[in-house]
Structure formats: C-alpha cells, structure tokens
Amino acid sequence: MAASAAGFVGVPAFSGSAVADSTSTLEFQIEQDGEVKGCITPLTYSDDDGMMSIDEFYNYCESPPCDNKDNDGGANTPTEIEQEGYSILFFYEDGDGVSLVMIHDDGDDKKENTEDFKQTTFTIDGLPSGDSWVVQEDRETSEQGGSDEYSIDSGTWTIDWDWRDKWSDGGAFGYLDDDCDEELSITIDPDFSGWPENDDLIDPFEGWKALSGPDADSPNEIELGDSKPVTITCGCSTTFELCADQDTNVGAVTVTDRPGDITITYETTGGWELYETHVDIGDEPGDFPTNNGGNPKVGQFDLSGTHDGMTTVSYTVECGDDALSDVTDYSELLIAAHAVVKPTDGCADFSTFGVGDSVEGLGTVSPVLNIESISSVSGAEAVAQKEGQKPGTYGAPNGSGTVTNGCLDDFDQTTSGGFSDLETKNAQGSHAYRFTFAEGVSVSDFELRMLDFGDLNAKNKTDHKVVARAYNEAGDKVDSQMLKYTTNDATNPTDWTPVEGTSKTNDDLQEAGDACDAAEGEPGNYLWSLSGDAIVKVELEVMEGTDPNIAFTDLCFTTNDETAWPCEQENVTPFNEEGGNWATYIEYETSLFDC
C-alpha cells in the first residue's frame, strides 16, 4: 500500500511560465500529538535558466528597497507560495541538497504601514550539526524594523522571528543528507502567541501548514495544530491494525520504507505484550513457506524473535539481506507479520486508590481486568480498602488491639490494599462479585484471597457456603471451588465443622475466621484458586450464612497466549481464502525503497 499523504488539500497553481522540476526521491513523515499527519516530499522549481537554488527560490529582499519585489520585508517566491496569516513549512530540493524552509505570513509593500509587529518563536531539535541557515532573514538587525535572533544551545536551535505587520519573515536551513538518514528526527516546537488572532492586525494569525511537492506551483497542504510540536522523520510509514483471535485489536504493524531499507515495527496497546514475532517478505504469495493447506509455516519465516513481554519490536531489512532473497520487484512487497501476544500477567494494583474509591471498570486496577459487585444490595460497588484506614469493612485481630482491616497487607500481594463492598457491608448483605476480562483476553489461572470471613454470623445461620465459578466464552463452567462449613446460630460463633474446601487448624472460629489469626485455608484467610482453558469470567458469591465484614486482596491471574496477524483491512489479504487457520499478509507499495 502506498504511503498516503493524509489531509492533503490542493493549492491553486501559480500561472507563471516556469515549470516544476522532476520528482524528488525523498519523503518525510510528519507526526503531531501522536498522530501521523502525512508524508511530504520536497518542493523543487526550475525556470528557463534551470533549477533554482533555495536562495533564488526564496528570493529574500535583504537590503530594501528591492527592485521587482513586492515584499521588501521577506520572501518573494516565484510561485507566490507565501500565505497571508499562515506559517508554512516545507522542504526544498536544489542542486546542493535539501533545505528545511519556514515562511511566516505574506508580505506586500502595498499594505498599510502600521506600527504593529508580529513575533513567532520556533525551538528546533535534531537539525544536522555542521549545516547552517542558507537563508537567514533579518540577522539580528533589520533595515525593515525587525530584529530576528538565531541561537543554538547543545544542538537545539531557538529562532525568534520579529516582523512588521505588512511584511513576512522566515528562513531556510540546509543542507540535509540526500540519503534520507533513518536517524533523522527533527522536532519543531512553535510559539505563535506573539502573532495574535485579532482584527487589529492586517493579517492576523490563521494557522500552521506543511506543504508537499514536488510541484512548487501547486503544492499539497497538511493542516497542523497551532501550538503543538511536530516531529519530522525520514521515510513514510503505513500502519495496519494487529488483531488477536481474528478480530481483537491488540496494536499495530507499521511499515516504513526509505531508500535502501525497510522497517517493520510491531507495537502493542491495551495491556497486550509481544512474546514472539515472525516476518517474511516476498513479492509473490508463493514466496511464503506454507503447508499443504496453504497456511503459513511461521517457524520458517526469515526473521523471527522471542521477547519477554515487550510492547515494541522492529526489524530493519537492507538491500542484499537474505530476507529479501525472494524479491525481484521492489515496487510492491508482500509482508507476512505474525506475532504471539498475551495481556500483562500479574496482580491487580490497589496501591494508588484512596479508601472508598471505586475499583470497578475495565482497566481500573489492571489493563485487562474488570471488577464488578453483583450484590443484591442497592448501590453495591467494589471499592478500595486500606489497612488501618476508615471506612473499613472489618477489624482484626479480634479482641484488644484490633485494627481497621488488620493484616490486609500481610500476604503475597505485590502492592498494598485490597477491595470490598461498603454498601453491602453496611446493609449486612451477602457479598457477590463478577470478574471479567477485556475482549479477546482469557486466563488459565485466577486467584483471590478472602479475609476475615466467618467470625460474624450476621443472619444467625448454621450452614455457611461460598462458591466461586469460572466460565469460558461459550458460558460453560470450566472450574469451581466451594467453601462450606457449619456452626451454631450464635452471632459470633466459636465451634465450627468443615464440610468442603477447608480444614481446621484453629478450633475456635473467632480465630479461624479472623484475618490475622486464621491459618491459610481457613475461612478467615481463604485463597480462591481456579484454573482451566480460556477462562473469561469468574463469579464469587456468598450463598448461605453471610459474614458481611470481609475484604479481598491478592487478586492475580495468568493470561493465555494468542496468535496475532494484521487484521483483515484494505491491502491485507488472507493466506487461505477458503478457510483453514486465520493468517494474513500485507500488500505494500513502496514509496522510496528500492535495491
């Protein structure tokens, strides 16, 4: 797929007799605020005498008055590329190389001569060292009344442009490497606050644009945000969504081509991580290693790697590399990009929440986990709990020295705190929770520690039962666990008899049901542990003999691996149109890459 220049709008052509020169072989990508704004190629221009240099094209009136120039205070390009009220940036290519050009406003001597000045500051990182400003307006002093300042500190340029309202300002930096160095990264941070958007000026500020050639008569435009930095890199990229399980978006695969090399980059999002990647490149579908069913053998791909939960992995292939041995036509490549991904393992993090803060919602305590209280109590909600902080849901140890949510932080968790449901606790109701995972995410193991259950018999029951169940995507139960025991009907029972899922270490339930004194496996310190294939939902419910004064911690899970390929989209083709294993390859039209 050819890298497209998103957001381009045509500019009316200048009606002069000059003609644009041949198309440049260079392309640059512009990103702003995390978004690729588009790709631009340098402008170039020729008249009857041949290709114009950047100095000739810019046509700066350095010592006014200047004959045959409309703008004694700035640029006078032959295509009148300057725009009233706009700052423009573009690359210009001449016989000496490529320059980065910036022009602010469109000057005209015929405009009213006001006393107003405009000012714009650019802070620029990444300009090649050893190069310089080949066009530098108003060098510190200005016969036009302005005073521009160019300074550099540790490789960072700061340019303060200052011009009279009727004129313009700007400059050109050159010359960039003709080979379009992959390390090139230029960041421009603009400040247009000195160029206000008000009617007091002849040409108030309207916006910021990037122009793309090669035709300097009618360049394409990219609208840029007024005050956010842009980053310019060499080469153009096309991004394809990366899917696990065929339709779950887990990130993207980006292809970037430059003269002499091409880069394939995986980047996962939403808590997904990379564990394996495999890339193969050809120019015919038959170039890929496949089985008799037409499905790819990723283990035989030319490029591969294993990764310990990375979120970004890149492969750069240069002319002559073995990975290109099957390619004869470099204008359109077929790229197979396979990955093994899985969401982040680990434990829910309650450490950053204040007491009573909701922990419900996907991504709240873990990127792929959602906690929900499903208690029948009105307003039930899972909220954060802290040891020693009120409002809490229980006190431990029983007797003297009790602490709010005592011993909540004494177990295997990697972060402090936990959760409970204050509304259910206050209503003396029965706790119930549902745990689900992000779309496409399943787990093989799920653990949750329940604390301080059993020492309070709020309903004065003799039978006590809590159940946890795990389900797959089809709704089938894949595992379950039950805690069951009996007591007398006392509000604070002491004698107890295990029935299922627990054993007795402490004879007194005031100890066995206490968060600090219970042995692991007794009701007061009970670890729920479920496992099975592709668990997508876990439900825990107090069924009989409720103790509402409880809390939970050590919520941990192990996610499953998933196979990922570029999602089916424009310029992405399935390996096997007739079925079989889901796999795709990218059809990519190169813009710069050739060997």
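Glu 221 is buried, and Lys 209 is buried too (buried means under 20% relative accessible area, exposed over 50%, partly exposed in between, with a 1.4 Å probe and protein chains only). Their side chains meet in a salt bridge, 3.1 Å from N to O. A salt bridge here is a side-chain nitrogen of Lys or Arg within 4 Å of a carboxyl oxygen of Asp or Glu. Glu 221 sits in strand β15 (residues 220-224) and Lys 209 in strand β14 (residues 207-212), so the pair ties together parts twelve residues apart in sequence. Helices (H or I, at least four residues) and strands (E, at least two) are DSSP runs, numbered from the N terminus.

This is a predicted model: local features need pLDDT of at least 70, side-chain atom pairs count only at pLDDT 80 or more, and totals for chains, interfaces and linings use all residues. Residues are numbered from 1 along each chain as its sequence is written, and side-chain values use heavy atoms, leaving out hydrogens and water.

The structure holds seven salt bridges. One of them joins Arg 434 and Glu 372, at 3.5 Å from N to O. Arg 434 lies in strand β30 (residues 432-437) and Glu 372 in strand β25 (residues 369-373), 62 residues apart. Arg 434 is partly exposed, at 25% relative accessibility. Glu 372 is also partly exposed, at 30%.

Glu 520 pairs with Arg 449 in a salt bridge, with the closest N and O atoms 3.2 Å apart. Glu 520 lies in the loop between α3 (509-512) and β35 (525-535), and Arg 449 in strand β31 (residues 443-451), so the pair ties together parts 71 residues apart in sequence. Glu 520 is exposed, at 53%. Arg 449 is buried, at 1%.
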